[in-house]
Amino acid sequence: MRRRAGVLLCLSLLGGPALGACSSGSSNPSSSTTTTAVVGGTDALAASKRPAYLVYWDQNEEVDFLSMPSGTQGILMPPWDLNGQMCLVPDRTGRFVGGYDPTVPSQDNPGSILPYKQPPVGEELNRADGSFSGQTLSVPGPYKFPGETVGGDSPQAADGSFNSNSTYTGCVFDHQGNLLADDLGTAQGSFPVPTDGRLVEWFAPNYTKSCILTGPTAGGTGANHVDGTGGLAQPGMLTLDDNGDVLLPQAGSQSVLRFDHGSFPSGPAACPGGAAPAGSVKSSVFFQGSASTLPFPAGIAKDPTCGCFAISSFFGDPSIEWVDATGRPVPGHTSVPGETLDQLGQDPNGFNPFGLAFAPDGTLFFIDIHITCQNNVLTNCGPGDYQGRTMEVTFTGGKANLPTVVHGGFDFPTSVTVCVPARQNCPYPTGPIAPVNSGPAENPLHGQGPPNGTPAAAGFGR
């Protein structure tokens, strides 16, 4: 499987064999430019043409959308680094963020011919039309590509990429408009699962100051112990509870953690040196899985029809299960079937859920990362090339119907996001709608890198 730039999707079996290596790229710190929102998004559409809701997903550094109820699909952001949960800035600008990591030539990806964003690992801030705003959010440090002026705290790997030690995966905005995102660290298929993940906050309204809320406390590289120990064990996609607490799936501990928002720093001044004082940020276990119940939790989302939460797991049967506000399974609630560990990667029509989101009517959308195993051997498994999919689950009489495919043929899709134009300005492309691109035709072997070392500027990189 070719190495891709994007969110590290790593599958380390708990108490079992390690799954095959994952892929990803990299990108980081709060960059230079402050952005002014451009006119665009669904606010720019005539009211009669506004969708009821839109669904977005990332795949192979591209961001696509589905408009409902028309069923129109298209590209919001052509391939250029974003590979992680897409989160909407809670204002009327239509801006959004997502984890990024520029593609180096060895990673053979469409993004490899475009300018590198700086620093090499972080969250990128994009405008309502899908274009890059010119601003990135990151943790400051000395590591950068040649020619760049802004560095991050994750060092470069031997192959020239920056994703080996740090890749931002999940994100969520809190009630104050601050952004929280988790860094997967080095969780790339090894067992036991490393504990070098972290949760980072950037403060509204400018998102230029970062604070590491929790992360490695020993070893590793630099003051932040990148690739150290004592942090999170493979964190996944995030959501916010109604009270403002952050819910974070942690596959390495078979759990979903609750981070107490009341313990977060009030601003940069309460985060000396860019890290919250030791022990100040409080967390507890919201949900505890097991070898038989959601053994590898990866995503969580609030279901608007019940006030409860759906939790996904890469494998396990069920693969998506509902829990109440206290984290306990909802008695009698329908679930989505899945693959047990013995069945993992055996069924070409099977699915392995990652990120998920609900439409206002309760329709569930989720990403199938689609694990395959070479020669049906469990120790050589990973996301299949061009086999990832966006899936939809409808309900009849309260019972979940079998998932159907919205679109497929993807490399490394990770998350879905839903936006309702009646509530906010939703990202939407300007001009003609370009059809969703996927499969080998989208991914010729570029391998040459950008034409020069000039850092990426606002726009679409072309």
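In the predicted model, V416 touches V55, Y56, W57, G355, L356, A357, F365, F366, I367 and T390, with residues up to four places away in sequence left out of the count. V416 is also one of the residues that touch the most other members of the largest nonpolar core, a set of 27 residues; Y53, V55, W57, L66, F314 and F365 share this standing. Two or more residues of this core come from each of β1 (53-59), β2 (62-68), β20 (353-358), β21 (364-368), β22 (371-373), β27 (404-410) and β28 (416-419). The largest share, 3 residues, is that of β1.

The largest pocket has a volume of about 990 Å³. Its lining comprises 36 residues, and L88, T239, T417, V418 and Q424 are the closest to the centre. At least two lining residues are supplied by each of β4 (87-88), β9 (168-173), β13 (239-240), β17 (297-303), β20 and β28. The lining consists of 23 nonpolar, 8 polar and 5 charged residues.

The second largest pocket contains about 370 Å³ of space. Of its 19 lining residues, L213, T214, G215, P216 and T217 lie nearest the centre. Both β12 (210-214) and β15 (255-259) supply at least two residues of this lining, and β12 gives the most, with 3 residues. The lining of the second largest pocket has 11 nonpolar and 8 polar residues, and no charged ones.

Mean pLDDT for the protein is 89, with 89% of residues at 70 or more. Over residues 1-37, pLDDT stays under 50; the model has 208 contacts beyond four places in sequence for this segment.

Methods
Residues are numbered from 1 along each chain as its sequence is written. This is a predicted model: local features need pLDDT of at least 70, side-chain atom pairs count only at pLDDT 80 or more; totals for chains, interfaces and linings use all residues. Side-chain values use heavy atoms; hydrogens and water are left out. A nonpolar core is a set of buried Ala, Val, Leu, Ile, Met, Phe, Trp, Tyr and Cys residues joined through side-chain atoms within 4.5 Å. Buried means under 20% relative accessible area, exposed over 50%, partly exposed in between (1.4 Å probe, protein chains only). Helices (H or I, at least four residues) and strands (E, at least two) are DSSP runs, numbered from the N terminus. Contact means heavy atoms within 4.5 Å. pLDDT is the predictor's confidence in each residue, from 0 to 100. On a 1 Å grid over the protein atoms alone, a cavity is a set of points where a 1.4 Å probe fits but cannot get out, and a pocket is an open set with protein on both sides within 12 Å along at least five of seven lines; lining residues have an atom within 4 Å of a point. Grid points are joined across faces, edges and corners, and a volume is the space filled by probe spheres set on the points. Ala, Val, Leu, Ile, Met, Phe, Trp, Tyr, Cys and Pro count as nonpolar, Asp, Glu, Lys and Arg as charged, and the others, Gly among them, as polar.
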